[in-house]
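Subject: Structure handover and findings

Dear colleague,

Please find the structure below, together with its sequence.

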Amino acid sequence: MAIREILEFPDPRLREVGEPVTVFDDSLRQLVEDMAETMYDAPGVGLAAPQIGVSKRIFVIDIAGEDEPSDLMVFINPEILSLDGTQQWEEGCLSFPGATETVKRAEHVRVRAQDAHGKAFELEADGLLAVAIQHENDHLNGVLFFDHLPPDRRGAFLEENRKELADMQRQAKAFLRDLRTRAPADARAGGERAGKPPGTRPNGTRTRR
Ligand code: NI
C-alpha cells in the first residue's frame with residue numbers, strides 16, 4: 001500500500017482519456033488499494049486513476065460519513081447506462097484543492113462496471129453517490145467539474161482561482177526573499193534585530209547580496 005501523489009489542475013494528464021483495463025491481476029489490485037489509501041488520506045469521497053497519473057478507466061468512491069463504517073466501492077471500466085432528473089451539489093475536487101462550485105448533475109444514475117477481480121456488476125444510485133459516480137467517471141474522460149459550469153461562471157471560476165494561485169506564488173516569493181535577506185543579518189547581529197524591517201542595517205548598509 002502506498003499513498004500516491006495527486007495531480008493538480010492544470011496538469012495536462014488530467015485531460016487525458018483513460019484506457020480500458022484488460023488485465024485483472026495483482027498489480028491492478030495493488031493500484032486499486034493505493035487509490036483507496038490515497039483517497040482516505042486526502043481525505044476525499046472519490047478518486048480516479050488519472051488523478052494519480054495512471055491513464056486507466058478506474059475510480060474508487062466511499063461516501064460513508066465519519067460515524068459510519070467505511071464502504072469502499074471500486075469501479076473498473078464503468079459505463080453510464082442511464083441518467084435521469086437533476087440535482088445540484090457544491091462540488092470540489094482533490095485535483096483542485098480549496099475550490100468548490102455548485103454543479104448541476106443527473107439525480108439518478110445507472111452504471112455498469114467491473115470490480116478488481118473483473119466481475120461485472122450494475123448499480124443504481126442517487127444523491128451524493130450519483131454525483132460522485134458522475135464526477136469520477138468524468139475524470140476518465142479528461143473532464144473536470146468546472147467544465148459543467150455555464151461559460152460565464154466557468155470563466156469567473158478560473159479567473160478567481162488563477163488570482164489565488166498568483167497570490168500564493170507572490171507570497172511564497174516574498175517569504176523566500178525575506179528569508180534570504182534576514183538570515184545573514186540576524187546571524188551577524190545575534191538575533192537582536194527582531195522587529196526591524198528585513199534588509200535594513202542600523203547604519204543603512206544593504207544586506208541583500
Ligand atoms: Ni475530482
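A strand here is a DSSP run of E of at least two residues, and strands are numbered from the N terminus. By that rule, N77 lies in strand β3. Please bear in mind throughout that this is a predicted model.

Overall composition and confidence

The protein chain contains 3 helices and 7 strands. Read from the N terminus, its elements follow the order α-β-β-β-β-β-β-β-α-α. The chain has 209 residues, of which 22% count as buried. Among contacts with a separation of 6 or more, 59% are between residues 24 or more positions apart.

The average pLDDT of the protein chain is 88, and 87% of the residues score at least 70. Two stretches call for caution. Residues 186-190 have a pLDDT below 50, and this stretch makes 2 contacts in the model beyond near neighbours in sequence. Residues 193-207 also have a pLDDT below 50, with 14 contacts in the model beyond near neighbours in sequence. Where pLDDT is low, the predicted coordinates should not be read in detail.

The sheet and the helix packed on it

Five strands form an open sheet in the order β1-β2-β3-β6-β7, and their pairing is antiparallel. At the edges are β1 and β7 (120-126), each of which pairs on one side only. From one strand to the next, the twist averages 40°. The antiparallel pairing of β1 with β2 runs over 3 bridges. Within this part of the sheet, G46 has I61 in β2 as its bridge partner. Helix α1 packs on the sheet, where it touches β1, β2 and β3, and its direction makes about 45° with that of β2.

The nonpolar core

The largest nonpolar core comprises 30 residues, and those with the most contacts inside it are M35, L47, F59, V60, I61, V74 and I133. Two or more residues each are given to this core by α1 (26-41), β1 (46-48), β2 (58-61), β3 (73-84), β6 (108-114) and α2 (127-140). The largest share, 5 residues, comes from α2.

Backbone features to inspect

Two peptide bonds are cis in the model. The bond from F9 to P10 has omega near 5°, and P10 is found in the segment before α1. The bond from A42 to P43 has omega near -15°, and P43 is placed in the loop between α1 and β1.

N77 in strand β3 has a positive phi of about 50°, although it is not a glycine. Is N77 buried, exposed or partly exposed, and why? A residue counts as buried with 20 or more other C-beta atoms within 10 Å of its own, and as exposed with 12 or fewer. N77 has 18 other C-beta atoms within 10 Å, and therefore it is partly exposed.

With kind regards

Notes. Residues are numbered from 1 along each chain as its sequence is written. This is a predicted model: local features need pLDDT of at least 70, side-chain atom pairs count only at pLDDT 80 or more; totals for chains, interfaces and linings use all residues. A nonpolar core is a set of buried Ala, Val, Leu, Ile, Met, Phe, Trp, Tyr and Cys residues joined through C-beta atoms within 7 Å. Helices (H or I, at least four residues) and strands (E, at least two) are DSSP runs, numbered from the N terminus. pLDDT is the predictor's confidence in each residue, from 0 to 100. Two residues are in contact if their C-beta atoms, placed from the backbone, lie within 7 Å. Two strands pair if DSSP finds at least two bridges between them. Axes are lines fitted to C-alpha atoms, for helices over the stretch in contact, and angles run from 0 to 180 degrees between N-to-C directions.
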